[in-house]
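Colleague: I would like to learn how to read a model feature by feature. Please take me through the ligand site, the backbone and the charged pairs.

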Amino acid sequence: MSGVFVYSDSPKLAAELVGLAQTLGDPVVLVSLGQVAPGLTTLGATQVLVLKSDDEVIENYSRPLAELLQERKAKALLVGDTIRGRDLAARVAGHCRAGMISGASHIAPDGGGFTAQRSTYGGKLIETGQVEELAVLTVGAGAATPLTVGGESPIDEVTVETDRRVILIERADAGGGQADLTTAPAVVGVGLGVSDQADLAQLEVLAKLLGGGVSCSRGVCEERGWFDQYIGVSGLNLSPDLYLAVGISGQIQHLYGVREAKLIAAVNINKDAPIFRNADYGIVGDYRSVVPQLIAALS
Ligand SMILES: Cc1cc2nc3c(=O)[nH]c(=O)nc-3n(C[C@H](O)[C@H](O)[C@H](O)COP(=O)(O)OP(=O)(O)OC[C@H]3O[C@@H](n4cnc5c(N)ncnc54)[C@H](O)[C@@H]3O)c2cc1C
């Protein structure tokens, strides 16, 4: 079976990538690693291919996945552009000696391969690249619309031997009850304008009232260490219904990560902040007085 293969450890991204794969080739094979993940058979793929094993480390599946892609003459493997997705994709491309483009968008068939774009230099330039079949491409959220077709995809199970040099010892909750930001309908972004770490508690309350979670700009993550991940060209790419930027100036490298948000709102003390040029709604004011008012209104 040739066709376009899809894998993501994020169910929302997997659904979008099935929609994208359908525009690139037929059939669309949705890969599940270990066992059939819940909900995968209803996303509209031609087939769900399960690489069966009790190994919980997805990167350990890279060699058997690469072998199956070659055996089945896959045209492309689309992988959800998450931290672990990127890792898996790079290993699979290495095993297959395939061309790879990470953070790909605007993917189109081109002769015996594909062209794709990706942003570079912190979002200042767009590169267009070409890869031959078998191409490995990682794709972020918002690149395509999930299919709405009903029905169950047939399952093909293949028992595989994984590479067990990395084993999972423990999985622990990082605490905070943080929502999965890739699927959250709302995300509150914390910028360097938020001066006091104690204020994060209020921003989390606000995010919960909006039904979502909290993330941040790069400086808040790397300079202050308040979060493990940040939004942007070199960080998370999110597509919530609402992105509320609090104390964020609105540099292109940050906004790239929420370019697929349906609505952007901003709270900033400076009326000339660039974020207001990209926001659908803006409140000019000090977050320390605006955030409690928003909480009161939403409560
Ligand atoms: C190659 C490269 C890649 C990068 N990648 C990323 C990336 O992936 N993600 C990312 O986020 N950044 C990235 N950056 C950094 C980016 O260019 C910006 O420097 C960064 O996003 C700015 O973060 P900020 O908006 O939180 O802070 P600032 O730019 O310092 O803005 C703080 C804002 O808070 C406002 N403010 C201050 N006090 C208050 C208050 N009391 N109430 C309300 N508002 C207030 C200010 O008016 C200001 O607009 C990258 C940079 C480079 C060069």
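Colleague: Which backbone N or O atom lies 2.9 Å from an oxygen atom of the ligand?

Modeller: One of Arg218. A polar contact is a pair of N or O atoms within 3.5 Å; within protein, one must be able to donate a hydrogen and the other to accept it, and residues adjacent in sequence count only if both atoms are side-chain atoms. Before we go on, note that this is a predicted model: local features need pLDDT of at least 70, side-chain atom pairs count only at pLDDT 80 or more, and totals for chains, interfaces and linings use all residues. Residues are numbered from 1 along each chain as its sequence is written, and side-chain values use heavy atoms, with hydrogens and water left out.

Colleague: Which polar side-chain atoms lie 2.6 Å and 2.8 Å from an oxygen atom of the ligand?

Modeller: At 2.6 Å it is a polar side-chain atom of Ser249. At 2.8 Å it is one of Gln253. Taken alone, the ligand exposes 1,000 Å², and the protein buries 73% of that. These areas come from the Shrake-Rupley method with a 1.4 Å probe; for residues, only the protein chains shown count as cover.

Colleague: How many residues are around the ligand, and which come nearest?

Modeller: A residue is near a molecule or strand if one of its heavy atoms lies within 4 Å of it. Here 25 residues are around the ligand, and Leu192, Ser217, Ile231, Ser249 and Asn268 come nearest. By class, the shell has 7 nonpolar, 15 polar and 3 charged residues. Ala, Val, Leu, Ile, Met, Phe, Trp, Tyr, Cys and Pro count as nonpolar; Asp, Glu, Lys and Arg count as charged; the others, Gly among them, count as polar.

Colleague: Which helices each supply at least two residues of that shell?

Modeller: α6 (252-255) and α8 (287-298). Helices (H or I, at least four residues) and strands (E, at least two) are DSSP runs, numbered from the N terminus.

Colleague: Now the backbone. Which peptide bonds are cis?

Modeller: Read omega. From Asp26 to Pro27 the bond is cis, with omega near 0 degrees. Pro27 lies in the loop between α1 (11-22) and β2 (28-34). From Glu133 to Leu134 the bond is also cis, with omega near -10 degrees. Leu134 sits in the loop between β8 (125-132) and β9 (135-139).

Colleague: Which residues other than glycine have a positive phi?

Modeller: Lys73 is one, with phi near 50 degrees. Lys73 is in the loop between α2 (62-71) and β4 (74-80). Arg97 is another, with phi near 55 degrees. The loop between α3 (83-96) and β5 (99-101) holds Arg97.

Colleague: Is Lys73 buried or exposed?

Modeller: Buried means under 20% relative accessible area, exposed over 50%, partly exposed in between (1.4 Å probe, protein chains only). Lys73 counts as exposed, at 62% relative accessibility. Arg97 is exposed too, with a relative accessible area of 77%.

Colleague: On to charge. How many salt bridges does the structure hold?

Modeller: Side chains of opposite charge can pair when their charged atoms come close. A salt bridge is a side-chain nitrogen of Lys or Arg within 4 Å of a carboxyl oxygen of Asp or Glu. The structure holds 14. One of them joins Lys52 and Glu157 (3.9 Å, N to O). Lys52 is in strand β3 (residues 47-52) and Glu157 in strand β10 (residues 155-159), so the pair links distant parts of the chain, 105 residues apart. Lys52 is partly exposed at 37%, and Glu157 is partly exposed at 45%.

Colleague: Where do Arg164 and Asp54 lie?

Modeller: Their side chains meet in a salt bridge (2.7 Å, N to O). Arg164 lies in the loop between β10 and β11 (186-190), and Asp54 in the loop between β3 and α2, so the pair ties together parts that are 110 residues apart in sequence. Arg164 counts as partly exposed, at 45% relative accessibility. Asp54 is exposed, with a relative accessible area of 61%.

Colleague: What is the distance between the closest N and O atoms of Arg288 and Asp286?

Modeller: They are 2.9 Å apart, in a salt bridge. Salt bridges that share partners also join Asp54, Asp55 and Arg164 into one network.
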